[in-house]
Each structure stands twice: as C-alpha cells, then as structure tokens.
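Me: I'm new to this one, could you walk me through it?
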Amino acid sequence: IFHCIIKICIFLTTSIAQLSQDKFVLTASKDERSKMIREDRIPDVRTVIASDMGLRYLLRNDILTACDDARAELKYQLTKQADADSAETVDGQELLDLLLAAQSACSKWFDLIDEKNVNEALSIVSREG
C-alpha cells in the first residue's frame with residue numbers, strides 16, 4: 001500500500017505540474033548563456049519540458065525502487081532476527097543506506113516543484129486543517 005500511495009502522490013503532482021508551453025527560464029551562468037546564444041544552442045520549449053518530465057520520472061523510479069528495497073531489507077532483517085538459530089546481530093546499515101537514498105531522491109524530486117505551488121498547497125492544507 002505504501003508503494004501505491006507514493007506512486008499516486010508523485011503521479012498527481014507531476015500531472016498537475018504547471019509547465020509553460022511558451023517560455024522557460026534558462027538558469028545557466030551569464031557567460032554560458034552568451035555562449036549558447038552565439039552558438040545557437042538554446043533549447044526549445046518542447047525539449048526543456050521533455051527533459052523536465054524525464055527527470056521527474058527518473059527520480060520517481062529512484063524513490064519507488066529505494067522504498068521497495070528498504071521494505072525488502074527490513075523484512076529480511078526481521079526474519080533473520082526472529083530466527084532462533086541465528087546468533088548474528090542485526091546490521092541496519094543497509095536499511096539506513098536505502099532509506100537515505102529514498103530521502104535524497106525525494107528531496108531532489110521536491111526541489112523541482114515551484115515554490116509558489118508549494119506555498120499554495122501549504123495554504124490550502126492549513127485552511128482545511
């Protein structure tokens with residue numbers, strides 16, 4: 001169920017992402033922008049949107065994979081701990097690494113959301129809360 005909840009939340013947020021069809025902000029340095037203009041290498045809007053959506057999908061997959069792997073690792077560790085014949089101590093490092101990978105992917109994914117949209121969502125939640 002957890003996997004489905006994450007997937008639905010990410011899907012909904014991605015599907016309502018407001019990506020302008022006629023403009024984008026080029027975040028390169030001033031020198032890099034000048035060089036891109038001189039060399040006629042400024043990407044078109046469709047390319048930028050496709051790139052943005054591709055990155056969102058890759059990060060979504062990283063989140064879901066890390067969560068699935070963490071769940072499997074936790075199940076393995078719990079089974080190992082419950083085994084009466086096992087004298088081994090539980091090593092939680094792998095689980096911690098997987099959870100940190102999921103957290104990192106989530107942070108990168110949330111960084112793609114416009115701050116204005118985040119503030120609007122927080123406002124709606126605080127009014128309804």
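This is a predicted model: local features need pLDDT of at least 70, side-chain atom pairs count only at pLDDT 80 or more; totals for chains, interfaces and linings use all residues.

Reply: Residues are numbered from 1 along each chain as its sequence is written, and side-chain values use heavy atoms, with hydrogens and water left out.

Me: How many helices and strands does the protein chain have?
Reply: The protein chain has 5 helices and 0 strands, where helices (H or I, at least four residues) and strands (E, at least two) are DSSP runs numbered from the N terminus.

Me: And what percentage of its residues count as buried?
Reply: Of the 129 residues, 19% count as buried, meaning under 20% relative accessible area, while exposed means over 50% and partly exposed lies in between (1.4 Å probe, protein chains only).

Me: Which residues are buried in α4?
Reply: In α4, which covers residues 93-111, the buried residues are L95, L98, A102, A105 and W109. They sit on the same side of α4 because they cover an arc of only 95 degrees around the axis, taken from the directions from the helix axis to the C-beta atoms. The face turned away from that buried side carries the exposed residues Q103 and D111.

Me: Switching to E73, what is it in contact with?
Reply: E73 lies in helix α3 (residues 45-82) and, leaving aside neighbours within four places in sequence, is in contact (heavy atoms within 4.5 Å) with D91, E94, L95 and L98.

Me: How far away is the nearest side chain of opposite charge?
Reply: That side chain is K80, 7.1 Å away, and E73 is buried yet has no salt bridge, which would need a side-chain nitrogen of Lys or Arg within 4 Å of a carboxyl oxygen of Asp or Glu. For charge, Lys and Arg count as positive and Asp and Glu as negative, with His and the chain ends not counted.

Note on methods. The expected span of a helix is 1.5 Å times one less than its number of residues.
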